[in-house]
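Visitor: I am new to this entry and would like to learn how to read it step by step. Could you show me the model and then take me through its features?

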Amino acid sequence: MSDRGGVSGRELHALVEELYPICRSLTGDGVRATLAAIGRRLPLEVHEVPSGTRVLDWTVPDEWNVRDAWIADPSGTRVVDFRETNLHLVGYSVPVRERLSLAELRARLHTLPDRPDLIPYRTSYYEKSWGFCLSENRLRTLTEGDYEVCVDSTLAPGALTYGEAVLPGETADEILISAHVCHPSLGNDNLSGIAVATWLGRALADTAARRSHTVRILFAPGTIGAITWLSRNRDRVGRIRHGLTLTNLGDGNPLTYKRTLGGDARIDRAASHVLAQRGLPFRVIDYTPDGYDERQYNSPGFRLPVGSLMRARPGELPEYHTSGDDPSLVSPERLAESLDVCREIVDLLDGDRTYRNLAPEGEPQLGRRGLYRAIGGTAVDGLELAMLWVLTLSDGSCSLLDVSERAGLPFAAVRTAAEALLAHGLLSLVPEQKA
Ligand code: ZN
């Protein structure tokens with residue numbers, strides 16, 4: 001288990017467990033409670049955007065809140081109860097109090113016949129409806145007769161809530177980290193991303209003084225939340241140099257990086273390099289216009305270089321969007337490893353620099369400067385090799401990431417080598433040319 005920066009996977013997992021019971025949706029008090037819990041770890045600026053506000057091609061919907069929801073069988077026994085798990089109620093169900101026959105009720109019920117013990121996760125955000133989700137096994141126990149149904153919800157003008165932590169660096173150039181916060185009791189698909197993003201923010205808040213980039217960590221409901229943020233921050237999006245959406249970071253699949261639309265952004269190279277250097281199984285996949293909020297950031301009007309870090313791809317796990325995606329699917333060790341990778345990616349993006357070798361004719365005499373082994377005939381060690389690579393490639397056109405890729409060395413080793421050479425006057429910094 002990682003304890004980098006004193007963080008253990010157990011702390012991340014504790015946040016997953018704390019947030020798990022909360023009924024989140026696109027809007028409502030569940031999102032507010034979630035942002036409040038995150039805010040106790042990472043101070044957030046919370047924004048409330050009124051229902052009816054036009055955001056890009058969308059409109060902020062009415063706010064949805066649930067007090068209670070249940071189905072009672074002919075004997076009055078509650079056979080489906082929102083208080084057992086919020087997955088029982090279709091998200092955004094309108095208020096209902098009715099008596100129905102079993103046949104009428106069945107039209108309102110969602111099950112997974114091929115996974116009869118799991119409850120599906122369903123929503124009806126933009127079409128006013130109501131329904132319940134239950135296991136196929138539970139459905140099979142329902143007998144003929146009249147059922148009483150109660151959805152004690154409100155769907156009324158209110159607000160959409162999102163939160164962000166802006167961790168200032170020395171420049172206004174931004175790294176955007178985005179996690180969706182709209183899924184109810186689902187562990188891997190959204191809570192794992194929330195936990196990793198929260199602790200990434202905590203770690204970066206501690207190192208702000210040494211960071212060039214400003215880091216913005218955004219917690220917003222999926223799709224409409226990212227669209228709302230983009231709509232309200234048009235003047236800021238040009239500052240976003242790199243970005244990542246985070247979710248599905250606690251399951252047993254290998255770490256998986258989904259490229260930006262362009263596929264050759266700095267974030268694409270940084271993430272691929274960090275994953276490759278770990279020496280563990282990983283996947284890099286091409287952009288597709290599904291998945292999470294990378295869809296909004298990569299859209300033609302924005303084209304932000306935002307990739308996505310995950311383990312399981314959406315729909316890859318049989319537990320995806322079901323009651324099987326509970327905190328037991330999320331392991332503390334994998335959360336910690338995911339956090340480590342995120343930190344390394346941010347460190348790389350922030351630390352990448354281009355230098356010029358100031359003694360470019362032949363090889364500078366490193367031994368004279370105390371930078372090279374004093375005794376000939378021994379093998380070149382890792383730092384020496386990294387220094388030689390930096391000197392070889394630093395003609396003003398290669399960044400440290402270019403060097404790391406060409407040399408097949410960890411970025412941190414290459415950066416350490418460059419810092420040593422810089423301290424001995426052998427390199428000069430080439431100002432970054434902004435695209
Ligand atoms: Zn999802």
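**Reading the metal site, the sheet and the domains**

Guide: Let us begin with the metal: along the chain, the donors of the zinc ion follow the spacing H-x5-D-x131-H. Please keep in mind throughout that this is a predicted model.

Visitor: Which residues coordinate the zinc ion, and through which atoms?

Guide: The zinc ion is held by His183 through NE2, Asp189 through OD and His321 through NE2, at 1.9 to 2.1 Å.

Visitor: Are His183 and Asp189 buried or exposed?

Guide: Since the word buried is used for a relative accessible area under 20%, it can be applied here to His183 and likewise to Asp189.

Visitor: How should I read a sheet, and what is the strand order of the open sheet of four strands?

Guide: In general, strands of a sheet pair through backbone hydrogen bonds, either parallel or antiparallel. Here the four strands of the open sheet are ordered β5-β4-β9-β6, and their pairing is antiparallel. At the edges lie β5 (78-81) and β6 (96-101), each of which pairs on one side only, while the twist from one strand to the next averages 20°.

Visitor: How many bridges join strand β4 to strand β9?

Guide: Nine bridges connect β4, residues 63-72, with the antiparallel β9, residues 146-156, and among the paired residues is Glu63, whose bridge partner in β9 is Ala156.

Visitor: Into which domains is the protein chain divided?

Guide: Domain 1 covers 9-61 + 159-351, domain 2 covers 63-156, and domain 3 covers 354-429. Taken over C-alpha atoms, the centres of domain 2 and domain 3 are 65 Å apart.

Key:
Residues numbered from 1 in each chain as written. Predicted model: local features only at pLDDT ≥ 70, side-chain atom pairs only at ≥ 80, totals over all residues. Heavy atoms only, no water. Domains from an automatic or database assignment. Donors = N, O, S within 2.8 Å, 3.2 Å for Na, K, Ca; no water. Buried < 20%, exposed > 50% of the residue type's maximum accessible area, 1.4 Å probe, protein only. Pairing = 2+ DSSP bridges. Helix = DSSP H or I, 4+ residues; strand = E, 2+ residues; numbered from the N terminus. Axes fitted to C-alpha atoms, helices over the stretch in contact; angles between N-to-C directions.
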